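Okay, thanks for having me. Let me put the structure up, and then I'll walk you through the packing and one of the sheets.

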Amino acid sequence: MTTTGIAITGSGSAVPSLSLDNHGLSQLVETSDDWITSRTGIRRRHLASPEVTLGQVAAEASLQAIAMAGLDPGDLDLIILATSTADDLFGSASQIQARIGATRAVAFDLTAACSGFVFGLVTAGQFIRTGVYQNVLLVGADILSRWVDWSDRRTCILFGDGAGAVVLQGSDRDRLLGFELKSDGSQNSSLNLAYQPEPKTLTPDVTIGQGRFHPITMNGQDIYRFAVKKVPEVVEKALFRADRTADQVDWLILHQANQRILDAVAGRLKIPPEKVISNLAEYGNTSAASVPLALDEAVRSGKVRSGDTIATAGFGAGLTWGAAIFEWGR
Ligand code: UT7
């Protein structure tokens with residue numbers, strides 16, 4: 001079978017205008033700007049007000065990415081929405097498809113928490129690689145503020161809302177150089193947003209579970225240790241598959257969870273701090289949106305240029321983690 005190369009040709013991002021800084025958070029829970037900044041690097045997060053939908057922020061990021069790629073929405077063949085916080089549990093990708101007018105595109109959701117963008121990048125790439133689709137929109141978007149326990153100071157300080165998007169296109173030159181994806185469900189309890197059933201009796205013989213999703217619970221230290229150990233391993237594996245070494249990486253764009261995790265992972269990979277993209281001070285951890293949001297800012301500011309080699313990695317609930325190595329641009 002002949003295979004097609006993959007190029008990533010456009011990016012976009014959007015966040016809600018409402019924001020909350022650490023001083024504001026310290027009015028809500030017992031914490032301080034100093035504690036949050038020194039332990040995480042986060043100073044502010046953008047939060048969706050009640051009328052804002054995931055579809056709105058995702059569509060805004062999508063239209064930017066489509067324009068940068070020089071396409072019209074009608075050129076898209078496929079839309080993948082990586083999210084854990086869909087407006088509709090049946091899926092929200094179709095709402096983005098309708099909102100942006102991508103009338104030819106098939107659309108579906110993909111859930112892999114904070115690894116969702118990297119998992120989506122690889123999934124989108126397979127459809128192009130096999131020649132099935134030519135133009136694919138991948139959106140990473142989450143409104144985790146809907147699901148945070150705002151009385152739990154160990155988690156509520158971390159998360160923010162936002163969306164990022166990229167366009168992938170078939171290309172003579174293959175720019176998606178290597179990847180590695182991992183899951184370990186045995187550690188699921190370290191970080192979850194779980195459905196908890198409550199018995200509901202329909203007839204004397206039939207009782208079903210009808211409950212609700214409970215807010216995010218997390219063992220921060222477990223996730224911290226997991227990230228610092230597993231993320232460098234998976235980046236190294238992806239680099240090996242890409243036939244590249246860490247010193248050939250121009251930019252390291254990790255899931256924006258905690259500056260200490262970014263520093264530790266970069267240190268283990270011997271990638272110098274000036275090559276590490278970080279924007280979590282402004283946005284916190286935006287889950288599936290964090291990598292494309294950071295990528296888009298770095299592209300638009302002129303840091304990331306066409307042909308640059310990018311190592312990216314996501315990690316989080318599931319547990320899931322994964323890395324991809326790609327060159328930016330056509
Ligand atoms: O997408 C993946 C999502 N998750 C992550 O990335 C989480 C990874 N983990 C982390 O980022 C860190 O574990 C945290 C930032 C969540 C916590 O930092 P830590 O250095 O692991 O702190 P800790 O949980 O060990 O807590 C140290 C102390 C505790 O007090 P005692 O028991 O030593 O007296 C906590 O009660 O800090 C206390 N503490 C706080 N104090 C002020 C915990 N949260 C706060 C807070 N403000 N917000």
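**Cores and a sheet**

So, this is a predicted model, and I'll start with the largest nonpolar core, which has 44 residues. The ones with the most contacts inside that core are Phe226, Val231, Val235, Leu252, Leu254, Ile271 and Phe315. As for where the residues come from, the elements giving two or more are α6 (220–242), β15 (251–254), α7 (259–269), β16 (309–316) and β17 (320–327). Helix α6 gives the most, with nine residues. And this core takes at least three residues from each of domain 1 (5–175) and domain 2 (178–185 + 217–327).

Let's zoom in on Leu252. What is Leu252 in contact with, if we leave aside neighbours within four places in sequence? You get Ala266, Leu269, Ile271, Lys275, Val276, Ile277 and Ala311.

There's another core too, lying apart from the 44-residue one. That other core has 32 residues, including Ile80, Leu168, Leu295 and Val304.

Okay, on to the sheet. Five strands make an open sheet, in the order β1-β7-β6-β4-β5, with mixed pairing. At the edges you have β1 (5–14) and β5 (106–110), each pairing on one side only. On average, neighbouring strands here are turned by 20 degrees against each other, ignoring direction.

Look at β1 and β7 (residues 161–171): they run antiparallel, joined by nine bridges.

Conventions:
Residues are numbered from 1 along each chain as its sequence is written. This is a predicted model: local features need pLDDT of at least 70, side-chain atom pairs count only at pLDDT 80 or more; totals for chains, interfaces and linings use all residues. Side-chain values use heavy atoms; hydrogens and water are left out. A nonpolar core is a set of buried Ala, Val, Leu, Ile, Met, Phe, Trp, Tyr and Cys residues joined through side-chain atoms within 4.5 Å. Buried means under 20% relative accessible area, exposed over 50%, partly exposed in between (1.4 Å probe, protein chains only). Helices (H or I, at least four residues) and strands (E, at least two) are DSSP runs, numbered from the N terminus. Domain bounds come from an automatic or database domain assignment. Contact means heavy atoms within 4.5 Å. Two strands pair if DSSP finds at least two bridges between them. Axes are lines fitted to C-alpha atoms, for helices over the stretch in contact, and angles run from 0 to 180 degrees between N-to-C directions.
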